[in-house]
Amino acid sequence: TDSIPPLPVAIQLHSLGWLGPYQVGIAALIMAFVFSLITTEALHRTMAAMIGAAMTLVVLALQNRVPSLSTVVGWMDHGTLGLLWGMMLIVGITMRTGVFEWTGVLACKLSGGDKTKLLLLLCLVTAVLSAFLDNVTTILLIAPVTCKLCKLVGIDPRPFLISEAIFSNVGGTATMIGDPPNIIIGNLLAKYLDFNSFLFNLAPGVLLTSPFVFKYLTWYYGDAVKGQLTVDIVKLQKMYPITNRALLIKCGVVLGCVIASFFLHPVTHLDPAWIAIMGAVWLLVAFDMHHCHEALLGVEWDTLLFFAALFVVVEGVGELGLLRFIANTLSAMVGSADEGSRQVFAIVLIVWASAIFSAFVDNIPFTATMVPIMQQMVEQVAGISIEPLAWALAFGACFGGNGTLIGASANIVMASKAEVEGSHISFVDFFKVGFPVMLLTVFIAMVYLILLNTLFWQATAGM
């Protein structure tokens with residue numbers, strides 16, 4: 001008879017030392033310390049993240065499991081960093097053509113000088129682009145236009161920039177490629193979900209929440225986004241024409257190819273970071289091969305360092321077991337619920353928990369940790385299916401990014417662009433607006449998911 005060949009198994013035991021029983025608590029304290037530094041602005045956010053990264057590495061060293069340099073570098077999300085570097089370079093060179101000022105004047109003209117219509121136009125463009133481009137890319141394109149426009153007409157850019165960041169996270173939720181958590185969910189659950197299922201299940205929820213978000217933003221900011229702008233459009237058009245048409249053509253060709261490649265991602269599956277980097281290199285060659293250092297000044301290196309350090313912090317506390325502890329706790333709570341209402345309970349728990357944690361812990365590693373836990377939950381616990389939980393995680397992780405300034409990459413990029421233009425947006429400034437928006441959108445998403453569950457999903461739960 002045929003016999004199954006033996007499967008070799010190697011088990012390696014590693015002592016965590018006296019810190020072992022306390023490592024989850026220590027990880028939570030490190031996260032709280034880093035966020036307190038960022039919230040109070042006692043240090044620049046880049047320094048706060050670097051200190052947090054150093055603390056996690058010291059704790060791991062005390063447990064005799066110091067990660068290698070290649071491991072630490074691997075913790076940094078190269079896709080996000082590469083995308084940021086490439087698009088910052090492309091935007092920095094394009095800015096030299098005067099096209100952002102020209103576009104700002106055009107937006108002012110299209111709005112008829114009405115600040116509310118202008119806000120609506122900017123938010124609508126941001127949301128639509130974020131659904132089909134990465135929302136970081138969208139903010140890198142929209143924020144410079146907004147900053148130049150507000151400077152031209154003499155208004156505070158912060159209400160407009162914060163609103164754009166919020167709508168980039170809302171709009172990015174609608175598709176599989178709009179926000180990093182959706183990409184992770186789509187890749188890890190490719191057996192169950194495809195691009196169209198994301199669009200059909202998430203986009204209606206985004207359309208449902210958007211009017212409420214816009215209404216709240218106009219109410220919160222009041223006169224800052226209401227009334228007429230006292231500007232002479234004709235005069236502005238004469239003052240701010242395109243200054244370098246030859247360079248604009250080069251930038252337009254490169255940027256057009258890059259954006260087209262982003263749109264074709266579902267077909268080509270090319271990494272957006274590679275597209276952005278290749279576009280940046282191509283544009284550097286077309287710009288001036290002998291003075292590339294001038295173009296490199298447009299890269300915001302402190303922002304890239306912040307992201308790199310924050311990724312190390314989050315992955316480090318993940319190594320200490322914090323994210324796994326959170327995920328296992330949620331799984332146990334779902335398993336303890338009554339079987340008849342277990343799927344509704346799981347949807348509500350996951351959408352709120354993922355929103356809260358994504359606001360304070362980067363949503364990329366949290367999502368990557370939660371998906372395998374949900375798969376395990378569905379296999380071991382009766383009365384639940386994977387698809388409703390996936391949509392709950394997508395809504396929570398994406399909408400949760402609006403909760404704080406560091407909840408989503410797009411928020412940090414927006415604040416960085418504002419700072420370059422002389423407008424400081426603090427953690428508290430964003431939190432006052434973003435956290436209520438997060439609560440509002442997550443509540444609407446929860447009601448929407450419960451409705452879908454009642455109409456379509458509950459009958460097949462656990463099958």
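Helices here are DSSP runs of H or I with at least four residues, numbered from the N terminus. The model shown in every view is predicted.

**View A. Valine 344 in helix H18.** Helix H18 spans residues 342–360 and includes valine 344. Relative accessibility is 25% for valine 344, so the residue counts as partly exposed. Beyond its neighbours within four places in sequence, valine 344 contacts Ile450, Asn453 and Gln458. Leucine 451 lies 107 residues away from valine 344 along the chain. The C-alpha atoms of valine 344 and leucine 451 are 9.8 Å apart.

**View B. Serine 331 in helix H17.** Helix H17 covers residues 322–335, and serine 331 sits in it. Serine 331 counts as buried because its relative accessibility is 18%, and the cut-off for buried is under 20%. Its contacts are Ile373 and Met377, with residues up to four places away in sequence left out.

**View C. The largest nonpolar core.** This core has 157 residues. Those with the most contacts inside it are Met87, Ile166, Ile185, Leu217, Met414 and Leu449. Helix H22, residues 427–457, gives the most to this core. The contribution of helix H22 is 13 residues.

**View D. Methionine 87 and the residues it touches.** Met87 is among the residues with the most contacts inside the largest nonpolar core. Residues up to four places away in sequence are not counted in this view. Methionine 87 then touches Thr137, Leu140, Leu141, Leu255, Val258, Phe262 and Ala276.

Technical notes. Residues are numbered from 1 along each chain as its sequence is written. This is a predicted model: local features need pLDDT of at least 70, side-chain atom pairs count only at pLDDT 80 or more; totals for chains, interfaces and linings use all residues. Side-chain values use heavy atoms; hydrogens and water are left out. Helices (H or I, at least four residues) and strands (E, at least two) are DSSP runs, numbered from the N terminus. Buried means under 20% relative accessible area, exposed over 50%, partly exposed in between (1.4 Å probe, protein chains only). Contact means heavy atoms within 4.5 Å. A nonpolar core is a set of buried Ala, Val, Leu, Ile, Met, Phe, Trp, Tyr and Cys residues joined through side-chain atoms within 4.5 Å.
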